[in-house]
Amino acid sequence: MSSWRNHVLTSLQQRDKKEKIPYAGVFTCLSQLEERYEIRKHFLDDVLCKSLGRGGVDVGEDTRLLQLQLRESEHMQEKLSQTVSDLTTVLYLKEAELQYRQARVSLFRQEALILARRSNTQRASLSELEYTLECQSKELADLHEEVRGLKKALAQARREKEELLQRWMEEKRVEADRLNKYNDTQERWQRLAKQLKKELCIEIGKEYVPIVTNTWNGINNTSEIQRRHSNSEHVSTVTQV
């Protein structure tokens, strides 16, 4: 349906281009001549009526022609006056419109200047923001790098901590084993010392004899007692060790 309308419209436009547009000037001149003919006919009838209204006196052809030209001139003057008045009104309107347009243009120019200044300011701010963003991006990259280094250092510190903890636990275990061995040794020595002391006391009790009145025997017994006392002190020393 739309294609059919477009086809008809195209055909009409082509017909107007061939048949109407070339004769547009002729039609305009014809309209103007018809208008002038109607005006002259109206003026001629008016002149004839006025000439007959003067008592039937017939005026000359030249007089009627002059009157007709005068009426045409008056009509053309009125028409021209009206045209000048219309053109003057249009001119005033155009001047007012021109002033309004100039005011709008001035306003738009001021707005354009303000927008240009604002654009320059925003462009400068944008440049500053871009520079700040670039600096912050570099700082962020440096911070990321530093964080990665800190993470590596933290992981290394944790590994060292675990190694130190394992070493400390191993040393504590070795120290505990050595202390246990030392305690076992001390306990065995104490048992052995007690046993030796007990056996020594038993032997001393078995070999003890009363002191006789014989001086020689007394001297010998006294020496024997001193010797046994000395042995007892030696055993006490060993027990303390």
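Predicted model: local features only at pLDDT ≥ 70, side-chain atom pairs only at ≥ 80, totals over all residues.
Colleague: What percentage of the residues is buried?

Modeller: Of the 241 residues in the protein, 6% are buried. To be counted there, a residue needs a relative accessible area under 20%.

Colleague: What makes up the secondary structure of the protein?

Modeller: There are 4 helices and 0 strands. Read from the N terminus, the order of elements is α-α-α-α. Of the contacts with a separation of 6 or more, 53% join residues 24 or more positions apart.

Colleague: Why is Met169 called partly exposed?

Modeller: Its relative accessibility is 45%. Buried requires under 20% and exposed requires over 50%, so Met169, at 45%, counts as partly exposed. Met169 is found in helix H3, which covers residues 61-207.

Colleague: Which residues form the nonpolar patch on the surface?

Modeller: Leu165, Trp168 and Met169 form the patch, and together they have about 310 Å² of accessible area. A patch residue must have over 30% relative accessible area, and Met169 has 45%.

Colleague: What makes Arg148 and Glu145 a salt bridge?

Modeller: The closest N and O atoms of Arg148 and Glu145 are 2.4 Å apart, and the cut-off is 4 Å. The pair therefore counts as a salt bridge. Side chains of opposite charge can pair when their charged atoms come close.

Colleague: Why are Arg148 and Glu145 separated by about one helical turn?

Modeller: Because they are 3 residues apart in helix H3. Arg148, at 43% relative accessibility, is partly exposed, and Glu145, at 48%, is partly exposed as well.

Colleague: How do you know that Asp177 forms a salt bridge with Arg173?

Modeller: The closest N and O atoms of Asp177 and Arg173 are 3.4 Å apart. The limit is 4 Å, so the pair qualifies. Asp177 and Arg173 are 4 residues apart in helix H3, about one turn. Arg173 also meets Glu170 in a salt bridge, at 2.1 Å from N to O. Arg173 and Glu170 are 3 residues apart in helix H3.

Colleague: Are Asp177, Arg173 and Glu170 buried, partly exposed or exposed?

Modeller: The relative accessible area is 34% for Asp177, 43% for Arg173 and 38% for Glu170.

Colleague: How many salt bridges does the structure hold?

Modeller: It holds 8. Lys94, Glu97 and Arg101 are linked in a network of salt bridges.

Colleague: How many disulfides does the rule give?

Modeller: The count is 0. A pair of cysteine sulfur atoms would have to lie within 2.5 Å. Cys135 is partly exposed at 25% relative accessibility, and Cys201 is partly exposed at 48%.

Key:
Residues numbered from 1 in each chain as written. Heavy atoms only, no water. Patch = residues over 30% accessible without salt bridge, like charges linked within 9 Å, V, L, I, M, F, W, Y side chains within 5 Å. Areas by Shrake-Rupley, 256 points an atom, 1.4 Å probe, with all protein chains shown as cover. Salt bridge = Lys/Arg side-chain N within 4 Å of Asp/Glu carboxyl O. Helix = DSSP H or I, 4+ residues; strand = E, 2+ residues; numbered from the N terminus. Buried < 20%, exposed > 50% of the residue type's maximum accessible area, 1.4 Å probe, protein only. Contact = heavy atoms within 4.5 Å.
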